[in-house]
Amino acid sequence: MQCSTDNYSRSGRFSATAMALAFVCLLLGLLFGLNQQANACPRPIKVVCSISPLANIVSSIGGAKVQVKYFVPPDADPHSFEPTFSALEDVSQAHLIFLNGDGLDHLAEDCVNNVKASACRVISLSNSIPQQEKNATDPHYFLDPKMAKLYVKAIAQALKEIDPEDAKEFDANANKFCQKLDDLDLRYRSLCQKLPQSRKGLVLYHNSWTYLAARYGFTVVGVVEESGEGEPSARHLAHLIRDARKAGAFAIVAEAEHGSKILNVIKEEARISRVIPTVEDSLSKAPYDTYLGMLEANLKQFASTDMN
Ligand SMILES: [Zn+2]
């Protein structure tokens with residue numbers, strides 16, 4: 001579950017099933033690669049993204065010119081999942097692949113590198129974020145509306161390079177998308193400014209909200225998931241509870257899938273008032289079924305004055 005740019009980047013392993021699937025897809029990839037070389041500007045442009053939020057952004061920028069699939073199944077965790085045959089097949093036939101990078105989707109990255117066609121370009125969108133803006137532990141840049149604009153621009157650029165004829169359309173869509181992100185940023189700013197300081201101390205279950213927290217004046221008191229996989233240790237939890245209580249943390253930010261038992265223990269022991277439910281790595285049911293819908297719904301949760 002935990003994703004750290006330091007600890008996760010090379011720790012992925014393929015299961016025997018995935019290796020076998022990868023071999024079949026490698027053959028498909030070789031065949032498809034030959035086919036791609038004969039086709040300078042493919043119609044539609046077949047794009048595969050590692051996670052569904054990125055796929056939704058690419059669909060918005062590429063419109064009818066792209067056919068977008070994603071690799072990590074709906075509601076699955078990009079940090080620990082088994083690739084399906086159809087996902088590997090999609091990768092083998094892709095013209096363009098977008099990853100997040102910096103360790104978030106290292107399992108997808110391993111698969112992609114084994115299976116993709118030789119002519120297919122792979123882009124890690126985290127490369128569009130300036131190094132000095134990264135904190136070395138949290139690769140979820142796309143959850144911050146301002147950083148997400150750099151993803152949008154990198155996506156439009158990649159599409160323009162593969163399909164220069166439609167450059168104007170991609171630019172127009174990207175500009176429209178960036179305006180929506182600016183609008184969301186203003187609303188986050190205005191709503192979060194209204195929250196008193198006493199409601200701004202957060203405990204994160206997953207280390208994914210550090211950029212958003214910093215931008216809108218929240219303080220991250222601690223993170224439940226430790227480096228590495230598995231449940232947090234008793235020692236880590238004890239330190240976290242002590243720090244959260246001392247800092248007067250107001251809320252725990254968690255996805256529905258996160259362990260409710262641990263959440264309740266922290267909430268009770270650290271005297272935390274509320275749980276902020278969020279969606280982050282994979283899109284889900286409405287209103288979380290589009291990237292912008294997900295950010296909007298998360299905004300409402302962060303700015304909510306409810307106590308539970
Ligand atoms: Zn994550």
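Me: Which residues of helix H2 are buried?

Reply: A residue is buried if 20 or more other C-beta atoms lie within 10 Å of its own, exposed if 12 or fewer, and partly exposed in between, with C-beta atoms placed from the backbone. In H2, the buried residues are Ser52, Pro53, Leu54, Ala55, Ile57, Val58, Ser60, Ile61 and Gly62. Helix H2 (residues 52-62) is thus mostly covered, with 9 of its 11 residues buried. Helices (H or I, at least four residues) and strands (E, at least two) are DSSP runs, numbered from the N terminus. This is a predicted model, in which local features need pLDDT of at least 70 and side-chain atom pairs count only at pLDDT 80 or more, while totals for chains, interfaces and linings use all residues. Residues are numbered from 1 along each chain as its sequence is written.

Me: What covers the buried residues of H2?

Reply: Two residues are in contact if their C-beta atoms, placed from the backbone, lie within 7 Å. The cover of H2 includes strands E1 (45-49), E2 (66-70) and E3 (96-99), together with H5, helix H6 (167-193) and H10. Just after H2, Gly63 takes a positive phi of about 55°.

Me: Which residues have the most contacts inside the largest nonpolar core?

Reply: A nonpolar core is a set of buried Ala, Val, Leu, Ile, Met, Phe, Trp, Tyr and Cys residues joined through C-beta atoms within 7 Å. The largest one here has 83 residues, and those with the most contacts inside it are Val47, Cys49, Val58, Ile61, Val91, Ile155 and Val203. Helix H5 (residues 145-162) gives the most to this core, with 9 residues. Domain 1 (16-185) and domain 2 (193-303) both contribute residues, so the core lies between them; the domain bounds come from an automatic or database domain assignment.

Me: What is the order of the strands in the open sheet of 4 strands?

Reply: Two strands pair if DSSP finds at least two bridges between them. The order is E6-E5-E7-E8, with parallel pairing. Strand E6 (219-223) and E8 each have a single partner strand, so one side of each is left without a neighbour in the sheet. Strand E5 (residues 201-204) is joined to E6 by 4 bridges, and Leu202 stands opposite Val220 in E6.

Me: Is Ser282 buried or exposed?

Reply: Ser282 counts as buried, because it has 21 C-beta neighbours inside 10 Å. Its place is in the loop between strand E8 (274-278) and helix H10 (291-303). Ser282 and Pro74 are 208 residues apart in sequence, yet 6.2 Å apart in space, C-alpha to C-alpha.
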